[in-house]
Amino acid sequence: MEPHSLDFKEAAKRALADTELQKSLSSFKAGFSLKRLEAIQKLPEFEGLRDEGIAIKQHTLAHLDFYLGRFAEKVEAAGGTVHWCPTPDDGRRAILEILRTHGAKTATKSKSMVAEELGLNEFLEANDIEPVETDLGEYIIQLAHERPSHILAPAVHKTKEQVSDLFFEHHKTRHLTEASDMVAEARQFLRPRYLAAGAGITGANFLVAETGSIVLVTNEGNAELTQILPKVHIVLATVEKVVPTLEDAATLLRLLARSATGQEFGTYTTLATGPKQIGDQDGPEAFHVILLDNGRSKILGGEFSEVLRCIKCAACMNHCPVYSVVGGHAYGWVYPGPIGAALAPNLIGLEEARHLPNASTFCGRCEAVCPMRIPLPKLMRQWREQEHEKKLSPPRFRLGLDAWAYLAKRPALYALATKLGIGALSIFGGAGRFAALPLASGWTATRDFPAPEGPTFRTAWKKARG
Ligand code: SF4
């Protein structure tokens, strides 16, 4: 059964009890964040680069219609076609029509989160077109019939042993133990598929308005084969991916690589502009860009608009203490981690995604590492406020918050209530901790609650100030 955002709590519990998943997540935790730290320490102008990147995105978002229009003109001048798709349905229809027009029965795919938003693989299969994932992580999860659990490393939840079993089951060769052998085997199976594909489907990291180019970053080179070898290249992109100039794209690429994988630049950074031109030795004969909105234009100018600055680097989830123990599948939607929690309610509705903004400790690491300085905790808090106002949270929880708000607005009453409460807890918490507490079973079910010690903060503060 597909995961669902409303199942977050249950899915998180299952994830915590899954020893194989915990094994995979523990090896992933340090990797990305350490590499990012080393990379930015080597770049003294990193903070200045962040300012530049934010200014580029803010300017573009303020003139989004203009830059999208210019991008579309340039794509068409280069011989390509832009398909404006307000909804996922429009996107799926446009893709199917292109594939049918060109008689494509199989389509190679490089990693694209927009394809996940469209549920593209299931849709293509239902229409007798075989999607073939070519990114190694995506290939693994396609074999496992799963969804990506991370926006950069889709199979990060799998252990090496699980991948070995999966390859053995599907490739029918031998059980491999070395990761390099698994990579070689996947390559051997994928090579002929590139050559036989009727179309290649890729994502795009940026769309450049001044040239009509798409910019694609990978570390495997699979996107290059996907876009060059078949007769048709279909690009999937959401509207906020556009940037004004090539120079702007270069600035954002420097931020992206460092924030994502700790590299100075992605191993393969490719620009593609339209289909093959006269004199070109290779390239697709047709070039289509599926430009998906899916609710993003409604976010523009509103209280959640900063979320559109996201360049999908994944740094926020790589540093999130919640993501790092529950993994991506628990979130039950395309984009996991803090960015998913801030974005999902915009796109699928707060009712559907209401648990996600609560899946945060508000430690603030996501905002601190985000190259676009998106105030993710603030955005999640805004969603929590809406959840409270719309009465979507459980009545007991709302009652508790309302009671606290009532007291917090009345300092004298608040002081009395905390004094009495702390006094009672101090008397009963003789052992320094509580193994069980009424109304706090969610906490005490898995850990002890510390008993208060010494004076309250207010008393200590008063004393310290004389
Ligand atoms: S919110 Fe920031 S850190 Fe997270 S993926 Fe987007 S740009 Fe990266």
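**Pockets, cavities and salt bridges**

Tutor: With seven residues, helix 20 gives the most to the lining of the largest pocket. This is a predicted model, where local features need pLDDT of at least 70, side-chain atom pairs count only at pLDDT 80 or more, and totals for chains, interfaces and linings use all residues. Residues are numbered from 1 along each chain as its sequence is written, and side-chain values use heavy atoms, with hydrogens and water left out.

Student: How much space lies in the largest pocket?

Tutor: A pocket is an open set of points on a 1 Å grid over the protein atoms alone, with protein on both sides within 12 Å along at least five of seven lines; lining residues have an atom within 4 Å of a point. Points are joined across faces, edges and corners, and a volume is the space filled by probe spheres set on them. For the largest pocket this comes to about 2400 Å³.

Student: Which residues lie nearest the centre of the largest pocket?

Tutor: Helices (H or I, at least four residues) and strands (E, at least two) are DSSP runs, numbered from the N terminus. Elements giving two or more residues to this lining include helix 1 (8-17), helix 20 (395-408) and helix 22 (441-444). Of the 48 lining residues, those nearest the centre are K9, F397, L439, G442 and W443.

Student: How many residues of that lining are charged?

Tutor: Ala, Val, Leu, Ile, Met, Phe, Trp, Tyr, Cys and Pro count as nonpolar, Asp, Glu, Lys and Arg as charged, and the others, Gly among them, as polar. The lining has 27 nonpolar and 12 polar residues. Its charged residues number nine.

Student: Which domains does the largest pocket lie between?

Tutor: An automatic or database domain assignment supplies the bounds. It also gives domain 2 (43-294). Two domains both give residues to the lining, so the pocket lies between domain 1 (1-37 + 316-393) and domain 3 (410-464).

Student: How far apart are the C-alpha centres of domain 2 and domain 3?

Tutor: Domain 2 spans 43-294, and domain 3 spans 410-464. Their C-alpha centres are separated by 53 Å.

Student: What is the volume of the largest cavity?

Tutor: A cavity is a set of grid points where a 1.4 Å probe fits but cannot get out. The structure holds two of 30 Å³ or more. In the largest, C310, K312, C313, C316 and C370 lie nearest the centre among 14 lining residues, and 13 of the lining residues are nonpolar. Its volume is about 90 Å³.

Student: How much space lies in the second largest cavity?

Tutor: Its lining includes H319, C320, P338, C363 and M380. Seven of the lining residues are nonpolar, four are polar and none is charged. The space is about 60 Å³.

Student: What distance separates the closest N and O atoms of D90 and R93?

Tutor: A salt bridge puts a side-chain nitrogen of Lys or Arg within 4 Å of a carboxyl oxygen of Asp or Glu. The structure holds 19. D90 and R93 are three residues apart in helix 5 (residues 88-101), so about one helical turn separates them. Their closest N and O atoms are apart by 2.8 Å.

Student: Is R93 buried or exposed?

Tutor: Buried means under 20% relative accessible area, exposed over 50%, and partly exposed in between (1.4 Å probe, protein chains only). D90, at 21%, is partly exposed. R93 has a value of 53%, so R93 is exposed.

Student: How many residues apart in sequence are the parts that E240 and K312 tie together?

Tutor: The side chains of E240 and K312 meet in a salt bridge at 3.6 Å, N to O. E240 lies in the loop between strand 7 (232-238) and strand 8 (242-243), and K312 in the loop between helix 13 (296-299) and helix 14 (315-318). E240 is buried at 3%, and K312 is buried at 14%. The separation of the parts they tie together is 72 residues.

Student: How many of the 12 residues of helix 16 are buried?

Tutor: Helix 16 (residues 337-348) reaches 16 Å from its first C-alpha to its last, close to the 16 Å expected. That expected span is 1.5 Å times one less than the number of residues. Among its buried residues are P338, L343 and L347. Helix 16 is largely enclosed by the rest of the structure because its buried residues number 10.
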